[in-house]
Amino acid sequence: MIRFAVTLAAFFVAALPAQAEVDITEVTTPGGFSAWLVEEHSIPFVAVEFRFKGGTSLDAEGKRGATNLMTAMIEEGAGEMDAIAFSKRREELATSIGFSVHDDALSVSFRFLTENRDASVELLKTALTDPRFDQTALERVRAQVLSSIRSSETDPSEIAQSTFNAMAWGSHPYGSSGDGTIDSVTALTRDDIFDAHAAAIAKDRAVIGAVGDITPEELVSLIDEVLGDLPETGAPLPEMAELQLEPGITVVPFETPQAVAFFGHEGLSRDDDDFFAAYIVNEIFGGHGLESRLHREVRAKRGLTYGIGAYLSSRDYGDLLIGQVSTVNGRMRETVDVLTEEWRRIAGDGITAEELEAAQTYLTGAYPLRFDGNAQIARILVGMQMDDLPIDYIATRNDRIRAVTLEEANRVAARIYRPEDLQIVIAGEPEGIEPSN
């Protein structure tokens with residue numbers, strides 16, 4: 001059965017159309033939930049993505065890491081099933097139930113065969129509404145989390161990033177790791193885990209996307225069955241974060257042959273009128289392609305690093321334009337010089353018509369490749385709703401990319417790249433760099 005499910009999922013990917021033409025139906029349940037559905041009845045397989053707004057940002061004061069630890073424990077047993085029995089039942093049904101959490105949301109990825117829908121729904125409902133959070137499981141998972149935290153304390157990339165976040169966001173949840181600290185996670189009790197569950201998983205913050213062999217009526221029934229017994233409301237969502245980042249260079253001394261730098265400043269929100277132009281300009285400046293300016297100037301021409309990039313981090317409660325690079329300590333000074341010069345150049349000179357055309361061609365051509373399976377499409381549907389995008393966004397997105405003009409792109413480049421505000425945090429022992437902070 002499990003082997004068949006894997007083959008089935010692979011077939012679905014192969015059967016998808018080459019173009020991003022997705023017919024989305026919005027459904028509303030008697031329980032008051034809204035969901036987006038893409039029906040695909042060619043194979044008996046369904047993916048449903050549930051997302052609960054809030055994520056690790058909902059941690060109560062003094063309980064940092066509780067939501068992360070709780071999320072890791074949901075599949076460690078539910079109802080009458082301990083962790084082993086829960087895992088065995090999931091395997092018997094060839095059902096996939098995955099839980100993950102980040103700053104802004106807790107995600108539940110649910111995949112099942114049509115023939116096992118009812119039993120799979122019952123299993124997921126039990127996991128969400130009646131988790132055991134056994135003490136023995138708590139200690140086992142806590143030990144794993146503590147090990148991960150200790151590892152991050154000796155990782156220069158984690159050190160640079162956590163320092164940058166703390167400088168940017170201060171006491172807001174964005175300013176600290178959702179994993180928590182050694183002290184905070186060690187102090188968490190079983191009652192804290194139950195409290196975190198009630199705070200994070202509630203009806204009032206559920207966002208849902210579904211793809212596969214299921215009708216609107218069947219999806220309505222599934223959603224109300226899975227979510228109907230959850231609490232009506234969870235903990236209050238966080239306030240907007242106030243950016244506290246100051247310009248300059250900060251060095252966190254750390255013995256390592258490879259220094260790591262995080263750099264950036266204020267970004268812009270996903271609903272900003274300039275977002276599409278900013279997205280294109282940043283693809284040219286520091287995107288994933290090998291032809292981005294940062295890649296070309298820092299890696300290809302000078303061989304200073306194996307990788308460098310920048311991206312728009314548009315989150316629910318605060319926005320950044322941020323990037324990362326690593327290099328040997330002796331070449332970090334040159335890397336910083338090139339980086340800051342490129343930041344000034346794109347702000348002052350903008351981009352060329354050739355760069356704009358190449359970026360638009362790449363971004364519009366690559367977009368359909370994101371729709372490479374029903375689980376991925378379900379995640380996209382949820383992401384669209386989380387970002388308050390219209391239901392026809394998939395059909396219109398590429399037109400919006402193509403509509404950006406050179407004049408608009410250069411106006412936005414001057415707006416979003418502000419070299420005078422650039423903060424660079426370096427973890428390592430960079431030579432020839434005098435920190436200004």
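In which sense, left-handed or right-handed, does helix 10 pass helix 15? I started my notebook with that. The model I have open is a predicted one.

**Entry 1: the helix pair**

I looked up the crossing and found it right-handed for helix 10 and helix 15. The two axes come within 10 Å and cross at roughly 65°. Helix 15 covers residues 393-402. I then listed who meets whom. From helix 10 come Phe276, Tyr279 and Ile280; from helix 15 come Tyr393, Arg397, Arg400 and Ile401.

**Entry 2: rings in helix 10**

I stayed with helix 10, residues 275-286. Phe275 and Tyr279 both sit in it, four residues apart, which is about one turn of the helix. I counted aromatic pairs in the model and noted 12. The pair Phe275 and Tyr279 has ring centres 6.2 Å apart and planes at 10°, so I filed it as stacked. Next I checked accessibility. Phe275 has 10% relative accessibility and counts as buried. Tyr279 has 23% and counts as partly exposed. The cut-off for buried is under 20%.

**Entry 3: a second ring pair**

I moved on to Trp343 and Tyr417. Their ring centres are 5.5 Å apart and their planes stand at 75°, so this pair is edge-to-face. Trp343 belongs to helix 12 (residues 332-349), while Tyr417 is in the loop between helix 16 (406-416) and strand 13 (423-428). The pair therefore ties together parts that are 74 residues apart in sequence. Both residues are buried. I also found them in one aromatic cluster with Phe263 and Phe285.

**Entry 4: charges over rings**

I looked for arginines over ring faces. Arg270 lies over the face of Phe276, 5.5 Å from the ring centre. Arg315 lies over the face of Tyr174, at 3.8 Å from the ring centre.

Which order do the six strands of the open sheet take? I traced it as 1-2-8-3-7-6, with mixed pairing. Strand 1 (25-28) and strand 6 (96-101) are at the edges. Each has a single partner strand, so one side of each has no neighbour in the sheet. Neighbouring strands are turned by 20° against each other on average, direction ignored.

I then went through some pairings. Strand 1 and strand 2 are antiparallel, with four bridges. Val27 has Ala35 in strand 2 as its bridge partner. The hairpin of these two strands has five residues between them, and Gly32 there takes a positive phi near 95°. Strand 2 (residues 34-39) also runs parallel to strand 8 (residues 206-212), and five bridges join them. There Val38 stands opposite Val211.

Helix 4 (residues 117-129) packs on this sheet. It touches strand 3 (45-53), strand 6 and strand 7 (105-113). The direction of helix 4 makes about 160° with that of strand 7.

**Entry 5: strand 10**

How many of the nine residues of strand 10 are buried? I noted seven, so strand 10 (residues 258-266) is largely enclosed by the rest of the structure. I checked its partners next. Strand 12 (residues 319-328) pairs with strand 10 over nine bridges in the antiparallel sense. In that pairing Gln258 stands opposite Val328. Strand 13 is also antiparallel to strand 10, joined by five bridges. Here I found Val260 opposite Ala427.

Definitions and conventions
Residues are numbered from 1 along each chain as its sequence is written. This is a predicted model: local features need pLDDT of at least 70, side-chain atom pairs count only at pLDDT 80 or more; totals for chains, interfaces and linings use all residues. Side-chain values use heavy atoms; hydrogens and water are left out. Two strands pair if DSSP finds at least two bridges between them. Axes are lines fitted to C-alpha atoms, for helices over the stretch in contact, and angles run from 0 to 180 degrees between N-to-C directions. Contact means heavy atoms within 4.5 Å. Rings of Phe, Tyr and Trp (its six-membered ring) pair if their centres lie within 6.5 Å; planes under 30 degrees apart count as stacked, over 60 as edge-to-face and the rest as tilted. Buried means under 20% relative accessible area, exposed over 50%, partly exposed in between (1.4 Å probe, protein chains only). A charge sits over a ring if NZ of Lys or CZ of Arg is within 6 Å of the ring centre and within 35 degrees of the ring normal. A crossing is left-handed if the near helix is turned anticlockwise from the far one by less than a right angle, and right-handed if clockwise.
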